[in-house]
Amino acid sequence: MRPAIALLLTLALCLLWGELAAEDKPPKDKPPAKKDLRAKAGEGSDGCLKCHLGIEEMHPNPHLSCVDCHGGNADGKTKDEAHVKPKQNVPNDERTLPYDYDPAYLRFVNPSNLRVVHEACGFCHDKQIQNLEKSLHSTTAGHLSDGLYENGASPNKHTFFSIFPIEDKDGDIPPNGLKSLRQIPAFSEGDPHEKVSTNFKDTPRKNCMRCHLWSRGQAVQGRLGQDGDYRSEGCATCHVTYADDGLSKSGDPTIDKFQPGHPLKHKMTSAIPTRTCAHCHYGDAPIGLNFRGLSQLPPGAPGGPEVTGTTSARLNGVFYLKNPKVNPPDIHHEKGMHCIDCHTQSDVMGDGNIYGEMEHAVEIECQTCHGTLDAYATLTGQRGTVLSHIRREGDKFILKSKVDGKEHLVPQVKNVIDPKSLEYNSAAARAMNDKHLKKEGGLECYACHSAWSVNFFGFHFDRNPSFTQLDLISGERTPGRVNTTEKVFSTWRNFYLGWGSEGMVSPYMVGFSTVCSAYDKGGKLVLDQECPKTAAGLSGMTLVQHHLHTNRAEARSCEECHRNPAALGMGSENFRLTKEFAFCAGLRGVEVVAIDKKNVEKSLPAATLVIRGGARSVAVENDPVTAHAQYLFAACGANGVVVADVRNPVFPKEVARIATTDARDVCLVGKHLVVADGAEGLKLFDVSDPKGAKPEGSLDTEEARRVKVLGFTAYVADGPGGLAIVDLTDPANPQTMAAVKLGGEPDDAQDVVVNFEDSTPDPELDAGRTTARKIAYVAAGKGGLRIVDVMEPRKAKVVGQFDPGRRGGQGAETSVDGIAFRSVFDIGTEGGKVPSEENDYLYVTLTVQRTDANPLGAFVVLKVTDPLAPELVGRMQNQPFCTWVDVASIYQVPILAYVAFVSNPRGTITIDVTKAATPVALSRIAVSGGHGTAFEEMPLDRLLDFDGRQLKDVSHADARLFTREELVRLLSVPLETVETKSPKKRDNDDGGSDGMDGMKK
């Protein structure tokens, strides 16, 4: 190249970077509509434009020739002479090509390809390119490290791997930075195949290599049906816009306008729209979906234009959930803002350091734009980036979008809590105080303002080495087909918190929470829904901190943290994955039943723990990692509590007895056993050593029949005493909080279950959200079902009742005896007549006592999604009278089945209640005089036990769960009582301004 041209090119490239690097500045005024944006002729372009006449200028200001960027021969007279030819056939698939693969050809196809971008653009942009190569968008180190650690394939929480090896050579390594990363290794056939960790190691290079800047992902040029996935690679991934359908609208006549996989136009931009970001940020880390008000549907759920609450067209190959009452868009997106209106250049392109976790790589914070309790926003990121697209006018802050120039008012916390300000909000002022918002500790703003979170508890990971799959780095098909798309439980309503890596309380969501099924080379199953174990010896079925990108102006209520143990990691009645065995109490003792997960009706007793006088109830201590049964505790009336070793379930062995007077029921919480001991009330025992239980505390009640524990509170079905609510914070000194009379004549409380119902978005309500509720459902015998508001235990009161029974003839009376609870995501019908939705159900056993015949039983299913309006949806009659009911959640790949185990004198009946409206009897298990059932199970939302002992790991090094002391303090904070009632519907107005409305220019 001649010296003069080289100098001009250098100046041009520098000017170009000045244009593109203005990422944190508002865009300049748009050019006049008639300006000619076609590529200009001249040296290095003349020959190209003979064929590509009409193609857009990639660098409108300043001009660069085609050859300056792409190489090739501008003087070539034919296509073969002008174009750079590949040295070999280039694979047209999603594999990541080697670092040194045919650089001349790769530059010709895409000069911003990271393998060649130093040569094409490095003269002016070398620093930015070096930063980008170290960024998480290039290394995807965070995703790789999380999955490997949670599945036991990494020795610690440090980040080790990247797509390609990378080293920080500038000598400046910040506290959270890394010196280097090495390439993610290939699967090793020498590792033991019966371990979860071994099988998971085959996953990253086969399933996790599509979302980074070193390839264009699965939507390669010409591949149909990839709407929403089409993009480029390297710098062009973000700076060149693709339509969702991947079709070109370029003026270049040589581009096939019907072939997907082409840029929208041959044009670079620094005004990157949300759509570009969303072409990568969807899937199992779904911030790009959440932000737009979209979410993956559970397996089997229909979608499409006829299905209300879903997208009308496929995106990323699927239909998405789109329901403003379930998953509304983030307020920033709803008001027209784009991702880059918040995120800075260093957030996206890196700051020159290598990070292993997203929270260390991102500099923007809510406070950067919204300020603090006592100060307006500084408009400066944590690394010094000045947000020059936001200006201040007095006490108002106005953001001008970097994408479309639209202006938005930015509310200031200082104004929101100031009664003298027009932005004052009294509810916000009560919450935004120095107990929540602190310089050190406290809550992230989005802990309260995240409107919803999708959690797929239990991703089912399957590996079969009898099939092959493409290793996306080596480019070779290797043994082991890997599938990670199946999901077990699905929920949008539940809310979880923990300490984030930066010392702030943050939302938590399901990470790589995988249950593993694996086969040997002959196709024999060697792992069946096995749970992973981390290097710390904890369960890898974990949740991780996450910025959900579902912020709304309406915050969650105080009760959703301070009265909800499940939100703090203590677990609930839901998300319990049943494993291999059930333990059924009966007249002979306890029957150990081997569950046939594929065909539950074929489940059979495998052993009997013989107990003289029989068993009335049973609880099982399951291993917190494997979920396999360890010890069994059977309530045996006057014979006390029998303790048995069931680590080998087909050979149960009694190892101890605990003396009580009339053991009716047992509940195991951590290392404590709570016994409902009839007229003797509650008894508590330390069972840290199951063979040597030690008495702890006791409490007199009327007649303790059954007991459930949620958090540190016991709920006792106390017979004539109604519902007793007991504080177990100090197991040695349980205290009565309330004795709720149920209004019976007399009361006859038989059974109880408790559920905390989080609030959910609802744009039709004044508050913008439903009311959070904490409800105890009490089986009150002849008094029917009683519904008790227990949000404030000391002020608990009956708020509803329901009689699910029917009169069975002259003189017949109906008694509600047993109840169980589950939240279920119901799969709707194709066409949308029956919607897919999340519902709450009670499974109820009834006894019809007739004067002229033996008692009959019935089993009914009640929908209690609105607990104040129970609805009878399913019924089975003419059974022998039933007593207790327990529900198993059995994963029958790829469907989650719910099976009720109903106890009656003839045995235990199994009933498929997956479809609540049509319960189906499956089989009768020969259990003489069945009483109750416990299961081998993994409670997937239980991260901590009653004693604060950590059960599940957290993959980020500085993040942690709450301590027991913190749990006790958080759950006992005094609050204003929130009455359980139906919230008020919104009037026909716009509800007022939330301070985020767009402004006219």
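Me: Hi! How many bridges join S9 to strand S10, and which way do they run?
Reply: Three bridges join them, and the two strands run antiparallel, with S10 covering residues 407–409. Strands here are DSSP runs (E, at least two residues), helices are runs of H or I with at least four, and both are numbered from the N terminus. Two strands pair if DSSP finds at least two bridges between them.

Me: Which residue is the bridge partner of Ile-398 in S10?
Reply: That is Leu-409.

Me: And what sits between S9 and S10?
Reply: A hairpin turn of six residues, where Gly-405 has a positive phi of about 80°.

Me: What about S8 and S9, parallel or antiparallel?
Reply: Antiparallel, over four bridges, with S9 spanning residues 396–400. Arg-392 stands opposite Phe-397 in S9. The S8 and S9 hairpin has two residues between the strands, and Gly-394 there takes a positive phi near 70°.

Me: Before I go on, what kind of model is this?
Reply: It is a predicted model, where local features need pLDDT of at least 70 and side-chain atom pairs count only at pLDDT 80 or more, while totals for chains, interfaces and linings use all residues. Residues are numbered from 1 along each chain as its sequence is written, and side-chain values use heavy atoms, leaving out hydrogens and water.

Me: What is the mean pLDDT of the chain?
Reply: The mean is 90, and 92% of the residues reach 70 or more; pLDDT is the predictor's confidence in each residue, from 0 to 100.

Me: Where is the pLDDT below 50?
Reply: Residues 977–982 are one such stretch, with 17 contacts in the model beyond near neighbours in sequence. Residues 988–1001 also stay under 50, and the model has 28 contacts for them beyond four places in sequence. A contact means heavy atoms within 4.5 Å.

Me: New topic: how many salt bridges are there?
Reply: The count comes to 43, taking a salt bridge as a side-chain nitrogen of Lys or Arg within 4 Å of a carboxyl oxygen of Asp or Glu.

Me: Which residue does Asp-351 pair with?
Reply: Arg-383, with the closest N and O atoms 2.8 Å apart. Asp-351 lies in the loop between helix H16 (345–349) and strand S7 (354–355), and Arg-383 in the loop between helix H18 (366–370) and strand S8 (390–393), so the pair ties together parts that are 32 residues apart in sequence.

Me: How accessible are Asp-351 and Arg-383?
Reply: Asp-351 is partly exposed at 22% relative accessibility, and Arg-383 is partly exposed too, at 30%. Buried means under 20% relative accessible area, exposed over 50%, and partly exposed in between (1.4 Å probe, protein chains only).

Me: What does Ser-346 touch?
Reply: Not counting residues up to four places away in sequence, Ser-346 touches Asp-351, Ala-361, Glu-363, Arg-383 and Thr-385. Ser-346 is found in helix H16 and counts as buried at 12% relative accessibility.

Me: And Arg-706, which residue does its side chain meet in a salt bridge?
Reply: Asp-751, at 3.2 Å from N to O. Arg-706 is buried at 7% relative accessibility, and Asp-751 is buried at 0%.

Me: Which residues are linked in a network of salt bridges?
Reply: Arg-616, Asp-662, Arg-664, Glu-703, Arg-705 and Asp-748.
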